[in-house]
Amino acid sequence: INLIGKDWCLITAGSIESFNTMTASWGSMGFLWGKPVVTIFVRPQRHTYGFIETNDTFTLSFFKEEYRKALTICGTKSGKDTDKVKEAGITPFAPLQDCVAFREARLVIKCKKLYKSLLTEENFIDKSIIPAWYKDGDFHYVYVAEIENIWQE
């Protein structure tokens with residue numbers, strides 16, 4: 001729970017030639033449909049959303065606390081407007097042909113998409129969540145993905 005909620009991670013999709021990354025502090029890991037899985041949440045306004053949509057896989061990269069500033073940069077700047085990876089001082093690499101991660105990460109999880117759904121107002125049982133997190137109606141897409149590979153320092 002702390003890996004995602006407290007430590008944060010980078011969700012990265014694309015190829016080494018063309019990718020984007022974003023910081024995430026929402027998500028989960030578990031077991032579903034007979035597979036080890038992660039669940040991530042991405043708003044469609046995020047530049048990374050297009051990369052997740054057009055690729056079958058993505059990675060989650062987890063860092064030591066000394067990279068908090070890098071994670072903040074990747075969570076507040078858009079890859080559309082700036083080279084936030086360069087600004088964050090992290091080094092992209094391709095551990096496998098179809099994914100991108102960062103050399104400084106202490107843990108990388110490669111994931112293959114299995115399911116996608118949009119959170120909708122009518123499906124919230126606790127309606128108090130909506131004004132707190134979705135006052136503009138900008139609901140997240142939810143992705144469930146199979147964990148295919150893990151690299152750890």
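Tutor: Please keep in mind that this is a predicted model. Across the whole structure, a search finds 10 aromatic pairs. One of them is formed by Trp-26 and Trp-133, whose rings lie 5.0 Å apart from centre to centre with 75 degrees between the planes, an edge-to-face arrangement. This pair links distant parts of the chain, since Trp-26 is in the loop between β2 and β3 while Trp-133 belongs to helix α5 (residues 129–133), 107 residues apart. Trp-26 counts as partly exposed because its relative accessibility is 31%, and Trp-133, with a relative accessible area of 49%, is partly exposed as well.

Another pair, Phe-124 with Tyr-134, is tilted, with 5.9 Å from centre to centre and 55 degrees between the planes. Here Phe-124 is found in the loop between β8 (107–118) and α5, whereas Tyr-134 is in the loop between α5 and β9 (141–152), 10 residues apart. Phe-124 counts as buried because its relative accessibility is 14%, and Tyr-134 is buried with a relative accessible area of 3%.

Elsewhere, Phe-19, Phe-63, Tyr-67 and Phe-102 come together in one aromatic cluster. Some rings also have a charged side chain over them: Arg-68 lies over the face of Trp-8, 4.1 Å from the ring centre, and the charged end of Lys-116 sits over the ring of Tyr-141, at 4.4 Å from its centre. Arg-68 is itself one of the buried residues of helix α3 (residues 68–76).

Terms used:
Residues numbered from 1 in each chain as written. Predicted model: local features only at pLDDT ≥ 70, side-chain atom pairs only at ≥ 80, totals over all residues. Heavy atoms only, no water. Buried < 20%, exposed > 50% of the residue type's maximum accessible area, 1.4 Å probe, protein only. Helix = DSSP H or I, 4+ residues; strand = E, 2+ residues; numbered from the N terminus. Phe/Tyr/Trp six-rings, centres within 6.5 Å; stacked < 30°, edge-to-face > 60°. Lys NZ or Arg CZ within 6 Å of the ring centre and 35° of its normal.
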